[in-house]
Amino acid sequence: MTVSAFAPFYRSTIGFDRLAQIFDNVRTEAQQSYPPYNIELVDENKYRITMAIAGFNRSDLEIETERDTLRITGRKQADTQQRNFLHRGIATRNFEHRFQLADHVHVVAAFFDQGILNIDLIREVPEALKPRKIYINTTKNTDRIE
């Protein structure tokens, strides 16, 4: 299914730009298979994205968050040395990978070691948005608001 199939839907909605963006991202995510990655639930509110990016240096990578999107970009410098590969199985092409972050999810750290990039995320829900229990009195309270 292509995004153009939703064109009539876009004409009848106002203010649902985020919904349209989600449909667009679904299309591009299907095309993104490089580099391979894992998403791990470390704890109830802690996550880790692990990407296998062999052949890249830390200086070739950029991690950026904008609103609810995490963008990881790898730009490999052009190889000036002429090499004659008999088999080339390690991909070192440029990439850009985007992840939609849920509400209140933030990147807290990134680590790069031996071709593996780890990005730690945490969900921090503000106290005002957390569920709270209301105590039910068993006696009639005369100071209540009417």
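The model is predicted, so to speak of local features a pLDDT of at least 70 is needed, side-chain atom pairs count only at pLDDT 80 or more, and totals for chains, interfaces and linings use all residues. Residues are numbered from 1 along each chain as its sequence is written, and side-chain values use heavy atoms, with hydrogens and water left out.

I begin with the fold. The protein has two helices and seven strands, where helices (H or I, at least four residues) and strands (E, at least two) are DSSP runs numbered from the N terminus. Their order from the N terminus is α-α-β-β-β-β-β-β-β. Of the 146 residues, 21% are buried; buried means under 20% relative accessible area, exposed over 50%, and partly exposed in between, with a 1.4 Å probe and protein chains only. Of the contacts (heavy atoms within 4.5 Å) between residues at least 6 apart in sequence, 52% join residues at least 24 apart.

I turn to the interior. In soluble globular proteins, nonpolar side chains tend to be buried together. Here the largest nonpolar core holds 15 residues, and Leu 70, Ile 72 and Phe 95 have the most contacts inside it. Such a core is a set of buried Ala, Val, Leu, Ile, Met, Phe, Trp, Tyr and Cys residues joined through side-chain atoms within 4.5 Å. Which elements give two or more residues to this core? They are strand 2 (46-52), strand 4 (69-74), strand 5 (95-100) and strand 7 (116-123). Strand 7 provides the largest share, three residues. Ile 72 touches, among others beyond four places away in sequence, Met 51, Phe 95, Phe 99, Leu 117 and Ile 119.

Strand 7 also contains Asp 120. Is Asp 120 buried or exposed? Asp 120 is buried, with a relative accessible area of 14%. Not counting residues up to four places away in sequence, its contacts include Tyr 47, Arg 48, His 106 and Phe 111.

By contrast, Ala 102 lies in the loop between strand 5 and strand 6 (105-113). Ala 102 is partly exposed, at a relative accessible area of 48%. Ala 102 and Arg 123 are 21 residues apart in sequence, with 8.3 Å from C-alpha to C-alpha.

Finally, the surface. The protein exposes about 11,900 Å², of which carbon and sulfur atoms supply 50%; accessible areas come from the Shrake-Rupley method with a 1.4 Å probe, and for residues only the protein chains shown count as cover.
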